[in-house]
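Let's take this structure one label at a time and ask what each label rests on. Here it is.

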Amino acid sequence: MTDSSIEALNQKLDRLIEAVSRLAPPPVPQTDLREADCFVWQADPGYLEPVHRVNRVDIGLIRGVDRVRDILVDNTERFAAGYPANNVLLWGARGMGKSSLVKAVHAEINAKARSDLPLKLIEIHREDIDTLPKLMGLLKAAPFRFILFCDDLSFDHDDTSYKSLKAALEGGVEGRPANVIFYATSNRRHLLPRDMIDNERSTAINPSEAVEEKVSLSDRFGLWLGFHKCSQDEYLDMIDGYVRHHGLTIDPDTLRAEALEWATTRGSRSGRVAWQFTQDLAGRLGKPLKD
């Protein structure tokens, strides 16, 4: 074989190797858990993506939920300190600060902690719930303690991934790792549509057993924290807190009138509506909002 033939063969082999390399899946990124306090679970390919700028508000700005706030803070403090604590389901009215409270409590606990091992918050998306056992397997040997957080958790008809969640929380052979706790928010107390439960009751051979199997998922959460629609005074108190925090200057009577008009046009009062009004007000005043 001549030198030119060998060179041509080598070039073909190089192109073949390059083509095969492009077909291979990229290596899974390695996560340094000390890199951030918050992460998002990327189920495919299976790694934790650090979040350096978390979208959250100060815990002092979350109004109208004082009782559930105190319960969640106490539960989280005990867990961060290494004591027993419960999984938590935050359920109820839309826009009343369920997910904001989880993120705010996490920041509050870490701000007061004296340990060099801060509490970690990991968000897992609803559609990745069936990978929860894999995620727990990655975390159980880590020196940190973790809140696994799923926002807007619910299950639709023919969705069986709730069984994976049940096993991961309490029912599996290994059980939930001691350094992991699960917080979820939902508009539904039992995480499943009412008509789905009613259908099980009407069509099953043993209706009570079928319904029990569906609603038992909620029983895996030791704490159920209910969020309800706020009163007009609580709504206005939320807005007053936002206005003071962000340094917005406006006549109190004008603020009250505009805030009530905003709620009327939206047809509801909630923390989310109060925040949306505050953003609109700041824009009209030409004032930036604090980070």
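Q: How is an angle between two helices defined here?
A: The axes are lines fitted to C-alpha atoms over the stretch in contact, and the angle runs from 0 to 180 degrees between N-to-C directions. Keep in mind that this is a predicted model. In it, helix 8 (residues 232–245) and helix 10 (residues 271–285) pack at an angle of about 40°, with 9 Å between their axes.

Q: Why is helix 8 called oblique to helix 10?
A: Angles under 35 degrees count as roughly parallel, and 65 to 115 as roughly perpendicular. The angle for this pair is about 40°, which makes helix 8 oblique to helix 10. The crossing of the two is right-handed.

Q: What makes the contact of helix 8 with helix 10 by class?
A: Helix 8 brings Tyr235, Met238, Ile239, Tyr242 and Val243, and these meet Gly271, Val273, Ala274, Trp275, Phe277, Thr278 and Leu281 of helix 10. Gly is among those counted as polar. The tally for this contact is 10 nonpolar, 2 polar and no charged residues.

Q: Why is helix 9 called oblique to helix 10?
A: The axes of helix 9 (residues 252–266) and helix 10 come within 10 Å and cross at roughly 125°. Perpendicular covers 65 to 115, and roughly antiparallel needs over 145. That makes helix 9 oblique to helix 10. This crossing, too, is right-handed.

Q: Which residues make the contact between helix 9 and helix 10?
A: On helix 9 they are Leu255, Glu258, Ala259, Trp262, Ala263 and Arg266; on helix 10 they are Val273, Gln276, Phe277, Asp280, Leu281 and Arg284. By class, this contact has 7 nonpolar, 1 polar and 4 charged residues.

Q: What makes strand 2 and strand 7 the edge strands?
A: Strand 2 (47–51) and strand 7 (223–227) each pair on one side only. They belong to an open sheet of 7 strands in the order 2-1-4-5-6-3-7, with mixed pairing. From one strand to the next, the twist averages 25°.

Q: How do you know that strand 1 pairs with strand 4?
A: Pairing needs at least two bridges. Strand 1 (residues 38–42) and strand 4 (residues 120–123) run parallel and are joined by 3 bridges. Phenylalanine 39 stands opposite isoleucine 122, and cysteine 38 has leucine 121 as its bridge partner.

Q: How do you know that strand 4 and strand 5 pair?
A: With at least two bridges as the requirement, the 4 bridges between strand 4 and strand 5 qualify, and the pairing is in the parallel sense. Lysine 120 stands opposite phenylalanine 146 in strand 5.

Q: Why is the pair of phenylalanine 182 and phenylalanine 221 called tilted?
A: Ring centres must lie within 6.5 Å to pair; planes under 30 degrees apart are stacked and over 60 edge-to-face. These two have centres 6.0 Å apart and planes at 50°, so the pair is tilted. The count by this rule comes to 4 aromatic pairs.

Q: Why does this pair tie together parts that are 39 residues apart in sequence?
A: Phenylalanine 182 lies in strand 6, while phenylalanine 221 sits in the loop between helix 7 (207–219) and strand 7, so the pair ties together parts 39 residues apart in sequence.

Conventions:
Residues are numbered from 1 along each chain as its sequence is written. This is a predicted model: local features need pLDDT of at least 70, side-chain atom pairs count only at pLDDT 80 or more; totals for chains, interfaces and linings use all residues. Side-chain values use heavy atoms; hydrogens and water are left out. A crossing is left-handed if the near helix is turned anticlockwise from the far one by less than a right angle, and right-handed if clockwise. Contact means heavy atoms within 4.5 Å.
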